[in-house]
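Visitor: Hello! Could you show me how to read helices and strands here?
Guide: Gladly, let us look together.

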Amino acid sequence: MRFFKTFLAVLLALVVFFGICFIVLLGIIGKAISSETVTIAPNGILVLQTSQAFSEQKIVNPLAAFLKDESSEVPGLFQAVRLIENAATDDNIKGIYLKVDGSGNGFAGNEELRNALLRFRKSGKFVYAYGEVMPQQAYYLATAADKVYLNPKGGVDFSGFSTQLTFFKGTLEKLEIQPEIFYCGKFKSATEPLRETQMTDANRIQTNQFLGELYSNYLSGIAKARHLDTATLHGYANQNLIQEATDALKYKLVDGLKYDDEVIAELKNKTGLSSDDKVNFVSLLKYNSAVSLSNGTGESKIALIYAQGDIIGGESDKRNVIASENYIQDIRRAREDKNVKAIVFRVNSGGGSALASEVIWRELSLAKKVKPVVVSMGDYAASGGYYISCMADSIFAQPNTLTGSIGVFGIMFNLQNFFKNKTGVTFDGVKTAPYADLGSISRPLTEVEKRFVQTGVDSIYSSFKSRVVAGRKLDPAVVDSIAQGRVWSGTDALKLGLVDRIGGINDALDCAARLAKVSSYRMVEYPEIKDKFSRLLKNVSEEVQVRMVKKELGVNYDLYEQIKTIQEMPREVQARLPFSYRF
């Protein structure tokens with residue numbers, strides 16, 4: 001009897017304990033997913049950090065309190081642009097303080113932000129930039145400011161652009177792994193890391209061309225902002241003249257050398273504060289929580305569909321992935337909604353599955369038959385990213401967008417010798433038809449099988465080019481000459497007819513409204529953001545895993561991502577950029 005009393009007492013204690021834990025957990029979750037009312041006090045200075053990375057669409061993160069983040073929502077790139085525009089007319093915001101502490105965004109993303117800062121200045125409000133060490137892309141963003149200040153012991157990186165690719169051919173040979181590669185287009189360099197030990201001549205030509213265009217746009221923007229000429233700036237980099245903070249001041253890249261407290265003192269003076277007053281700094285994330293951006297009014301709507309990341313087949317709940325089945329549903333909803341008068345498709349993708357790209361292209365083509373479709377390109381809209389863009393009524397790109405790369409490839413791996421010679425594993429089996437095991441990792445392809453695969457790749461490449469011919473209304477011979485897997489800058493793409501205009505998301509929305517002949521509209525965004533509780537449950541493992549891997553690998557994280565991409569490629573024809581371009 002005593003045993004049962006003890007057992008029941010322990011059981012009751014456990015029930016009470018877990019009940020209390022459950023109630024506490026619900027309280028924590030409730031606090032995490034609830035939204036607090038945030039207000040902005042007068043005389044505020046909006047703080048924008050150049051290291052802040054913006055995805056195309058906002059990121060809802062209820063785990064922020066646990067991960068020590070400032071806000072449960074990180075605005076998307078366009079949302080950040082709109083917040084800057086809103087601040088220009090907000091009486092509580094007197095100016096912007098740009099903290100130059102790293103570079104979180106790509107070329108085109110920075111172009112959107114920089115243009116927003118330049119528009120902000122037209123309101124008469126100030127923009128001050130300050131940094132200790134300024135990377136090149138961050139400095140480009142800083143030149144949108146009225147004043148650019150540098151720490152006296154800091155520096156500005158002004159050495160020119162470079163890019164470096166990683167090649168795995170030697171590693172595969174040591175492991176006795178044989179990649180069997182099929183591709184179309186002499187510039188289609190995505191497979192080079194597996195089949196070469198250095199860049200081919202064709203790849204070197206195209207990379208020099210688009211890197212030169214990116215650099216030209218970079219220097220032109222700085223020259224205009226700093227009242228210099230591009231030849232002078234070229235000389236600074238070519239002679240490596242900017243080595244210390246004093247050099248940056250001497251050659252007029254910055255307006256002064258100041259410490260953080262000195263810049264804050266100037267901001268106090270600018271806003272009429274005394275030396276004892278505290279500056280009302282307002283982070284962009286806090287400002288996002290405090291203001292309500294209007295998406296417009298009226299029954300007419302324009303759908304803004306964000307497409308960022310690798311293009312894959314089927315469905316996916318992952319962030320920054322363009323899953324064909326998910327996007328078919330979103331595009332179809334926008335097409336069938338009679339109140340949606342036009343679609344703006346925002347593409348930031350280096351491509352992926354050729355088949356998934358075709359599937360998305362098809363759905364957009366159906367939408368185009370009943371309403372205008374306008375594409376806005378981000379950092380990348382290349383290969384599969386261009387495939388899903390080429391049918392649009394109008395295409396907007398930034399001058400430093402990377403696009404084109406009209407070409408495809410396929411990869412299979414023969415691991416027979418690796419298993420046999422490195423691990424002692426061998427394979428054997430039976431089959432009912434000669435090609436039933438085509439593509440097996442346990443043996444090399446025969447010459448006949450290689451012809452089968454190459455024919456399939458050729459067919460997909462031909463279809464890709466035909467989509468471009470029809471969508472861009474270009475001669476097939478012209479498309480063939482500018483295809484071949486070649487990557488182009490937005491500037492060159494405009495000259496070649498691959499895009500229609502240079503501009504950002506706002507320009508694309510304005511164009512869509514004109515094509516739809518609507519003077520007022522409400523903007524609706526897709527994909528829809530899931531409710532915060534679902535996001536909380538899903539993001540627990542994803543957020544923690546990514547942060548842990550990045551922390552452990554550091555600068556090698558990009559290499560890890562490349563290897564993951566290689567693993568996912570076999571058995572499906574790909575339309576994608578080289579694994580990565582790092583500048």
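Guide: In α3, L77, A80, V81, I84, E85, A87 and A88 touch G109, E112, L113, A116, L117, R119 and F120 of α4, where contact means heavy atoms within 4.5 Å. By class, this contact has 10 nonpolar, one polar and three charged residues. Ala, Val, Leu, Ile, Met, Phe, Trp, Tyr, Cys and Pro count as nonpolar, Asp, Glu, Lys and Arg as charged, and the others, Gly among them, as polar.

Guide: A word on the source: this is a predicted model, where local features need pLDDT of at least 70, side-chain atom pairs count only at pLDDT 80 or more, and totals for chains, interfaces and linings use all residues. Residues are numbered from 1 along each chain as its sequence is written, and side-chain values use heavy atoms, leaving out hydrogens and water.

Visitor: At roughly what angle do the axes of α3 and α4 cross?
Guide: The axes of α3 (residues 77-88) and α4 (residues 107-121) cross at roughly 10° and come within 9 Å. α3 and α4 are therefore roughly parallel to each other (angles under 35 degrees count as such).

Visitor: How do strands pair?
Guide: Strands of a sheet pair through backbone hydrogen bonds, either parallel or antiparallel. Here β7 (residues 178-184) and β18 pair in the antiparallel sense over seven bridges; pairing needs at least two bridges found by DSSP. I181 has I411 in β18 as its bridge partner.

Visitor: Which residues of β18 point one way, and which the other?
Guide: In a regular strand the side chains alternate between the two faces of the sheet. V408, G410, M412 and N414 point one way from β18, F409, I411 and F413 the other way, and all are buried (under 20% relative accessible area, with a 1.4 Å probe and protein chains only).

Definitions and conventions
Axes are lines fitted to C-alpha atoms, for helices over the stretch in contact, and angles run from 0 to 180 degrees between N-to-C directions. Helices (H or I, at least four residues) and strands (E, at least two) are DSSP runs, numbered from the N terminus. Angles under 35 degrees count as roughly parallel, over 145 as roughly antiparallel, 65 to 115 as roughly perpendicular and the rest as oblique. Buried means under 20% relative accessible area, exposed over 50%, partly exposed in between (1.4 Å probe, protein chains only).
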